[in-house]
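User: Hi! I'm new to this one, could you walk me through it?
Analyst: Happy to, let's look at it together.
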Amino acid sequence: MSGIVEFGRGCIRQVLIGGRAYKAWIVFLLLAIGVGGVAYVRQAATGLIATNMRDDVSWAFYIGNFTFLVGVAAAAVLLVIPAYVYGWKPLKEVVVLGELLAISALTMCLLFILVDMGRPDRFLHIMPFFGTPNFPRSMLTWDALVLHTYLFVNLALVLYLLYKTYRGESYAKKIFLPLVLLSIPISISTHTVTAFLYNGMAARPYWNASILAPRFIASAFCSGPAVMIILFQILRRTNDFPIKDEAIWKIAELMSYAMFLNLFLLGAELFKEYYSATEHLAYTQYLWGGLHDVTGAPHTALVRYAWISLVCSVAAFGLFLVPRTRKDYRTLNLGCLLIWAGVYIEKGMGLIIPGFTPSTLGQIYEYTPTGTEWAIALGVFGIGFLVFTLLVKIAVPILVGTFRAPERAHAAPPAAVAGAPSP
C-alpha cells in the first residue's frame, strides 16, 4: 500500500513541475476551460434556447463533436492489435500513448453528452447502475454503457502498466492480456453502438443505412490515428521520447487502407441514394446540393461543408497512398490535417444536420452553432487536452526511466523505451 501512496505522490509532483512552455500551455487550457465554464453556466441558466438547436434540429454541434471523438477513442485499437496480438515492437512502444489519447477522448465524449442534455441531472437518465436509464431498450443507455466500460478498461490497463514499469516489475500476463483482448471488441463496439443509435431511428431515413457502422469504424481509423501521428511527433521533440519512424509510418499505412474503405462506402451510399431517387433523397440533396423551400428560396448552408470534407479526404488519401509522400513528414502532416478536417466535418455538419433537414413535416431549418456552443466546445476540448497533457506528463518519465520507485532511483535507466516491461 505504501508503494501505491508513494506512486500517487510522485505523480502529483510530476504534473506540478515543468518549464515555461508547459506552464504556459496549462494556463492556456485553464483559460479555455474557464471560457467554456462561463458559457455552460449561462446555458444551464437560460436553457438550450441559448444554442441554435430547435425542435426541428434537436441534435447538432455537441453531438457532432461527440460522434467524432468516439472515433478518436476507438482508433486506439489500431495500435493495440499490431502491438499485442501480433507483437510488433515499434508500435508496442507507443501503444500506451494511444490509450492515453483514448481516455482523453472518452472524457470529452461524456462531457459533450452532458452539455447537450441541458441540465446536468439529466445525465442520470443514461447512467447504468447509478441512474434510471431505460435499459435495455434505450440505445443511448447502451452507448453510455460501452463508453464507460471502455474508459474503465483503458484506465485499468494504463494504471497497471505504468505502476509496474515504475516499480521495475514485469506485468502478470493473466491480468494484463485479458484486459488487452477485452479492450479490442469494446473499442469496436463504442463506434458500432453509436452508429446503431443513429440508424435505429426509423423516422430519420438519412441514417437508415446498414453500412453506417462500417463507415463509422473506417472513418475512426482515419481521424484517430491522424491525431496520434501529430501528437507522437510533438512528444518526440518536447519530451525526448524515442518514437521510431517505423511506428509512425506503419500507422500511416494502416490509415491509407481505412481511407480507401471510408471513401468507397461513401460512394456506395451516394450511388444508392441518387440512383434509387426516392423521396428520401431530399436529405442527401440538402447536404450536397441544397434544397429550395415552397417559396423558391435556396437553402445551401451545408453544401460548402460537404464538398470541403470530400476534397480534404480525397487529397489526404492521395498523400497517404503514395509511399514517398507518406514517409515525408511535411506531406504526412499535411495529410493528417486534411483527413482530420474531412472526418470532423463529415461527422459533424455532414452527419447530424442532414438527418434532421428537412424535418418530418417538410420544413427546412438551417442550423449554425452559436457563440455559446463554440465556447462550451472550447471548454470541453480544454478539459480533454488537459487530461491528456497531465497523463503524458506522468507516463513519459515512467517509460523513459526518469520517474522510478525510490528503491530503483540509483538503477541505470533503460536503454530504450518499452511500452511495457517484458513479461
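User: At what angle do the axes of helix H11 and helix H12 cross?
Analyst: First, a note: this is a predicted model, where local features need pLDDT of at least 70, side-chain atom pairs count only at pLDDT 80 or more, and totals for chains, interfaces and linings use all residues. Residues are numbered from 1 along each chain as its sequence is written, and side-chain values use heavy atoms, with hydrogens and water left out. The axes of H11 (residues 281–288) and H12 (residues 303–321) cross at roughly 80° and come within 6 Å. Axes are lines fitted to C-alpha atoms, for helices over the stretch in contact, with angles from 0 to 180 degrees between N-to-C directions; helices are DSSP runs (H or I, at least four residues) numbered from the N terminus.
User: And which residues of H11 and H12 meet there?
Analyst: Tyr286, Leu287 and Trp288 in H11 meet Val303, Ala306, Trp307 and Leu310 in H12 (contact means heavy atoms within 4.5 Å).
User: New topic: how do the rings of Trp25 and Phe28 sit?
Analyst: Their centres are 5.8 Å apart and their planes at 25°, so the pair is stacked. Rings of Phe, Tyr and Trp (its six-membered ring) pair if their centres lie within 6.5 Å; planes under 30 degrees apart are stacked, over 60 edge-to-face, the rest tilted. Both residues lie in helix H2 (residues 20–46), three residues apart.
User: What about Trp207 and Phe356, buried or exposed?
Analyst: Both Trp207 and Phe356 are buried (under 20% relative accessible area; exposed is over 50%, partly exposed in between, with a 1.4 Å probe and protein chains only).

Notes
Helices (H or I, at least four residues) and strands (E, at least two) are DSSP runs, numbered from the N terminus.
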